[in-house]
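I opened the notebook to record what I looked up in this structure, one topic at a time.

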Amino acid sequence: MASLPKTSDRPPTVLVTWLKWLGSRGMVHVALISLMILWSIPTLVMLISSFRDPSDIASSGWWNVFANPFDFTIENYRNVLDARGMWQSFLNSLVITIPATLLPILVASFAAYAFAWMRFPGRNALFLLVVALLVVPLQMTLIPVLRLYVDLTPGAELPSFDLPVLGGTIGGGKLFGVNSFVGLWVAHTAYGLPFAVFLLRNFFGALPRDLFESAYLDGASDLTIFFRIVLPLSGPVIAALVIFQFLWVWQDLLVALVLLGDPDLSPMMLTITNLVGSHGTQYQLLTAASFISMIVPLGIFFALQRYFVQGILAGSVKG
Amino acid sequence: MAEVTYEHVTKRFAQDAPLAVDDFDLKIPDKEFLVLVGPSGCGKSTTLRLLAGLEEITEGKIYIGDRLINDIPAKDRDIAMVFQSYALYPHMNVYDNMAFGLSLRKIPKDEIRERVNDAAQILGIEELLKRKPRALSGGQRQRVALGRAIVRKPSVFLFDEPLSNLDAKLRVQTRAEITKLHERLGTTFIYVTHDQTEAMTMATRIVVQHRGAIRQVGSPQELYDRPRNLFVAGFIGSPAMNLFDTVVEGEGDSMRLHATEDFTLPVPPEKRPELEPYRGKKVIMGIRPENIHDAGFQPPDIRTATCGCEVDVTEMMGNEVNVYLKVKDHSFLARVDPRTSARPGQPLQVVFDIDRLHAFDPETEEAIGLPAAEVKADRNGGLAVSGETAA
């Protein structure tokens, strides 16, 4: 005898499925997407404005681009890069940031290894001192550091090299102290060390002791253990540190402002600031310059973001 | 190939801390499989790590062969160690894990390959050489850790609880393999474990350690049959030996160990001279669960004392039954024939094999003489004679 299927046996309609999803996880998704859009708008506006004609920016709002979408210009970028010296500043930023990222991580990882795994008197007291430095505000140190640097600045200059195809120069400035890339590297290294040592020590300390003892019995010295066991296992935390330190140095204005007076050596942040001061508010140039300064950190972040999250967890949870 | 000598070795981790290793004095002959066993925190791992060079010796001397090694760095001591956690390098494949120590010692590449392949063949891990440790099971990791020790061709192998992380079945299997490996390599093995079954099954000699000090050294059988003190008696054997507080009463033929009115055991003649000084005093009496039998199924040719008890709990093991018994305040365990009629709450007649009684001084906790069976065997060079004595 045939019977009608019961209501509950019927396949649910698309609407019902969709409503169920909306009730369970959907609200979270909707909230997240709305937040994301809200947070992205300023950046989007900046990007749009950087491609608009100055007269358009002055006369109409950014949303008008959607009415005639192909009315863009790259003149702003050309202007900023060539006439305003932004290209040279971009190169300077790289010259400052890359060594100022690698140096503190190298020094800090040596220190962190010693703090985590080598026995020496005063180890804990020294580590406490390093961690205590985390609370010293950078601004407090600027005047003493500047005075010290003025005294230490030699007459000698760092050689500079002209880039053949791309244009601009790399290097230059004094050998150390004020108006010197080396001086700036050392300053950024010092400012970055406490956090780097703290994060790395906690990560290294969480590596199993047996691993070190086993390597030690295998005949490995501390240096061998560091380079062949510890560093290969510390990829995530080092990637996280690279992002932290790179962003910190790339976006730094204050330290560069105090220690670099020579406009030929200025990094992007300094040049952008001067752009505001010397020519009034030229939004089209400001937005283009800002967008150029964002590209490199964005690239670094997307390349290493997987490690970034892992590294934060490794440092905070395990430590 | 070397003998290892500990000469009055002491380890203290801090000035005021108790001794982690207390006057450890032992000669370990070449090719011996020595097992250090004891409860957690008894200093057995520290004793091993002192030899490995992972801890500094506070006092005393350690020799490998004729060489005093106190001040020789770990890497030059010609030892290899297998850790509980295996301690494999997670970022290297199996081959590199095994070759790491050799390449640091600047051994030619060809020889490294040969040694690693040989070890892999011995352990049956040839097809795993290209894998990373995280792609291996616990048992395979354990083999790689063994392999890493083998390729070094050390004169002493050290094992620090290497089987603790394996499941029960794999542990039994690996136990046998390590024993075979010992026979094959013919090298001194020093093995630390808290598991007395591992100690009993693998060792040529066992050291029982407690609070840093050696409590007894001997072959597994010796430790089982003739524990020299209360600690060893309680530690070796599973289930553990039953212990009772008793008083020595009477003299000559009527000498007996009195626990309560209903529970009194006669002292076999061989043991009477040793217990004579204890007349009227307390002694701790010990008997292993397998030396208490259901009266209905007692083995022939043993001297027994019968006792009426109440059954508390029974545990069927298949080949035997563990019966928890009570007499007044005393409770104890017997391992009896599986055909037993014992039921919880019911009375049961059990017999004690009185030639297997152990006695301990309650103050020094040292054994008083040997079990009667051993005394008789020693004196007569023969087996115990049967004879029934009623309680």
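The entries below go from confidence and overall make-up to the contacts and then to single elements.

**Confidence.** I noted at the outset that this is a predicted model, and that the predictor gives the complex an ipTM of 0.81 and a pTM of 0.79. For chain B I found a mean pLDDT of 89, with 94% of its residues at 70 or more. I marked residues 380-391 of chain B, where pLDDT stays under 50, although the model has 22 contacts beyond four places in sequence for this stretch. Where pLDDT is low, the predicted coordinates should not be read in detail.

**Make-up of chain B.** I counted 10 helices and 21 strands in chain B, and its C-alpha atoms fill a box of roughly 75 × 45 × 40 Å along the principal axes. Of the 391 residues in chain B, 41% are buried. Looking at contacts in chain B between residues at least 6 apart in sequence, I saw that 66% of them join residues at least 24 apart.

**Domains of chain A.** I looked up the division of chain A and found domain 1 at 12-50 and domain 2 at 77-318, with their C-alpha centres 36 Å apart. The contact between them takes four residues from domain 1 of chain A and six residues from domain 2 of chain A. On the domain 1 side, the touching residues are two nonpolar and two polar, with no charged residue.

**Where the chains meet.** I then turned to the contact between the chains, which takes 16 residues from chain B and 14 residues from chain A. On the chain B side, the elements that give two or more residues are strand 6 (79-82) and helix 2 (94-104), and helix 2 of chain B has the largest share, with three residues. By class, I recorded 11 nonpolar, three polar and two charged residues on this side of chain B.

**The nonpolar core.** Which residues have the most contacts inside the largest nonpolar core? I found A:L184, B:L34, B:V35, B:L158 and B:I190, in a core of 158 residues. Helix 7 (residues 181-205) of chain A gives the largest share of this core, 15 residues.

**Helix 1 of chain B.** Why is helix 1 (residues 44-52) of chain B largely enclosed by the rest of the structure? I checked its residues and found that nine of the nine are buried, so the helix is largely enclosed. The buried residues include B:K44 and B:R49 as well as B:L48, B:L50 and B:L51. After helix 1 of chain B comes B:G53, whose phi is positive, near 95°.

**Two hairpins in chain B.** I traced strand 12 (residues 256-260) and strand 13 (residues 263-266) of chain B, which pair in the antiparallel sense over four bridges. A hairpin of two residues joins strand 12 of chain B to strand 13 of chain B, and I noted B:P266 as the bridge partner of B:R256. I also traced strand 17 (residues 321-327) and strand 18 (residues 330-336) of chain B, which run antiparallel and are joined by seven bridges. In this pair B:N322 stands opposite B:R335, and the hairpin has two residues between its strands, with B:K328 in the turn at a positive phi of about 50°.

Methods:
Residues are numbered from 1 along each chain as its sequence is written. Chains are lettered from A and ligands numbered from 1 in the order in which they are written. This is a predicted model: local features need pLDDT of at least 70, side-chain atom pairs count only at pLDDT 80 or more; totals for chains, interfaces and linings use all residues. Domain bounds come from an automatic or database domain assignment. Two residues are in contact if their C-beta atoms, placed from the backbone, lie within 7 Å. Ala, Val, Leu, Ile, Met, Phe, Trp, Tyr, Cys and Pro count as nonpolar, Asp, Glu, Lys and Arg as charged, and the others, Gly among them, as polar. Two strands pair if DSSP finds at least two bridges between them. A residue is buried if 20 or more other C-beta atoms lie within 10 Å of its own, exposed if 12 or fewer, and partly exposed in between; C-beta atoms are placed from the backbone. A nonpolar core is a set of buried Ala, Val, Leu, Ile, Met, Phe, Trp, Tyr and Cys residues joined through C-beta atoms within 7 Å. pLDDT is the predictor's confidence in each residue, from 0 to 100.
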